[in-house]
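Me: Could you walk me through this model, starting with the ligand site and then moving on to the fold? Here it is.

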Amino acid sequence: MKVFFAARDALWDAWAPSLRAACPEMTLARSGDLAAGDPATFDAVIYAPGWPEDGGAADFAPFVNARVVQSLWAGVERIVGNSTLTQPLCRMVDPGLARGMVDYCTGWVLRAHLGMDAYAQDGVWRNDLVPPLAAERSVAVLGMGELGRAVGQALGASGFRVSGWSASGRPVPGIAVQGGAAALDDVLAGAEILVTLLPDTADTRDLMDAQRLAMLPRGAWLINPGRGTLIDDRALIGALESGHLGHAVLDVFRTEPLPPAHPFWSHPGVTVTPHIAAETRPATAAAVVADNLRRAMAGQPLRYLVDRARGY
Ligand code: NAP
C-alpha cells in the first residue's frame, strides 16, 4: 500500500513513526518525495491543512487511484468543497482528540461556574460570592457529535445540568438533546454556560448572531472551541460591551492566527486561546488512520466518512 502524506513538512517527524508503526505494510511518502513517484501510483492520501506549503489550493486530482483521503483534522471545511477531491473523504475521530476537548471544556466551564476571576488578590474579603453547586448550573452544548457528546457527558458526570442541540436531535444518554433550528431558542434561553462544538458549514455560519446571543441569560459565558465562523464577532463584542454576556472564551477564529489588532486580544471580556483546545494525537490517531487505510484497500466500508452535501 502506497500512501501520500499531504501535510506540512513540520508534521512529518511527529506523524511518520506512529503511522508506520500502526501500519507497517504501508509505504509512506511526503511532498518532497513526489518527484520520485507518479501521484497515480498512490493508494491513499493522508491530509492535514497547510498542504501544499506554497499556500496554493490543495489538488487531489492527480491521485487518480487513491481510494480514500483521510483527514488528520476533525473539521474538514477547508477541503469538503474542493472540486478536485473526488475520492471518499474521511475525517478524524480520535480518542486523544476527544479527551483533549473534554479537558479544555471542563477547565473553562469550571472557571465560569466557580467565578474564579471574582476573587482578586486585593485585600477584599468577598465571602458573599459563593458559587452554586454544579447541579444548579445549566450548561448547553451545541453540537452532539463525537466531541460535543464527550464534553456533555463529562460535564453531566461532574453534576452539571447539561442540555444538547444537534441537527437531528439524536438522543444521547445523560443529556437532554433537542434538534433542529426551531429548538435552538429554547436551548439558548436555558444556557448559563454555552459550549459551541459545531462544524463550519453553510448552515452553521454566523449562527450566534446578535439575536441569538441576546437569547442567552444575562451574564452567560460562551466557550467556543468549534469554529470561528459560528459567531458574529461584532455582535459578540456588542453583547459583552452591553454587559449581557459575562465572558467569552474563544479558541477558534475566522482568521488564524488571530491578527494582533483584532479587538478580541484586548477586550477584558474575552479570553483567547490559540486553537489548542484539542490536538489530533499521533499516538492514538495513527491506529484510526491505519484502520481506515486497510478498510479502503479491502473494499470495506470506511469509518467517519464525510457527508459532502451536509459538509461534515
Ligand atoms: P461531528 O461528530 O461531525 O459532530 C457535529 C455535530 O454538529 C453533530 O451533532 C451534528 O448534528 C451537529 N450539527 C452539524 N450541523 C448542524 C446544524 N446546522 N444544526 C445543528 N446541529 C448541527 O464533529 P465533532 O468531531 O464533534 O467535531 C465538531 C467540531 O469541532 C469540528 O467540526 C471542528 O470544527 C471542531 N474542532 C475543534 C478543535 C479545536 O482544537 N478547537 C479540535 C477538533 C475539532 P447531527 O448529530 O444531527 O449530525
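The chat below goes through the ligand surroundings, the sheet and some backbone details.

Me: Before anything else, what kind of model is this, and how are residues numbered?
Reply: This is a predicted model, in which local features need pLDDT of at least 70 and side-chain atom pairs count only at pLDDT 80 or more, while totals for chains, interfaces and linings use all residues. Residues are numbered from 1 along each chain as its sequence is written, and side-chain values use heavy atoms, with hydrogens and water left out.

Me: How many residues surround the ligand?
Reply: The ligand is surrounded by 31 residues, the closest being Arg91, Leu147, Ala167, Ser168 and Tyr312, where a residue counts if one of its heavy atoms lies within 4 Å.

Me: Where does the ligand lie relative to the domains?
Reply: Domain 1 (2-94 + 280-298) and domain 2 (96-272) both contribute residues to the shell, so the ligand lies between them; the domain bounds come from an automatic or database domain assignment.

Me: Switching to the fold, what is the strand order in the open sheet?
Reply: The seven strands run S8-S7-S6-S9-S10-S11-S12 with parallel pairing, where strands are DSSP runs of E of at least two residues and helices are runs of H or I of at least four, numbered from the N terminus, and two strands pair if DSSP finds at least two bridges between them.

Me: Which strands stand at the edges?
Reply: Strand S8 (176-179) and strand S12 (270-272) do, each with a single partner strand, so one side of each has no neighbour in the sheet.

Me: Where are the cis peptide bonds?
Reply: One joins Trp51 and Pro52, with omega about 0°, and Pro52 is in the loop between strand S3 (44-47) and strand S4 (69-71). Another joins Glu256 and Pro257, with omega about -5°.
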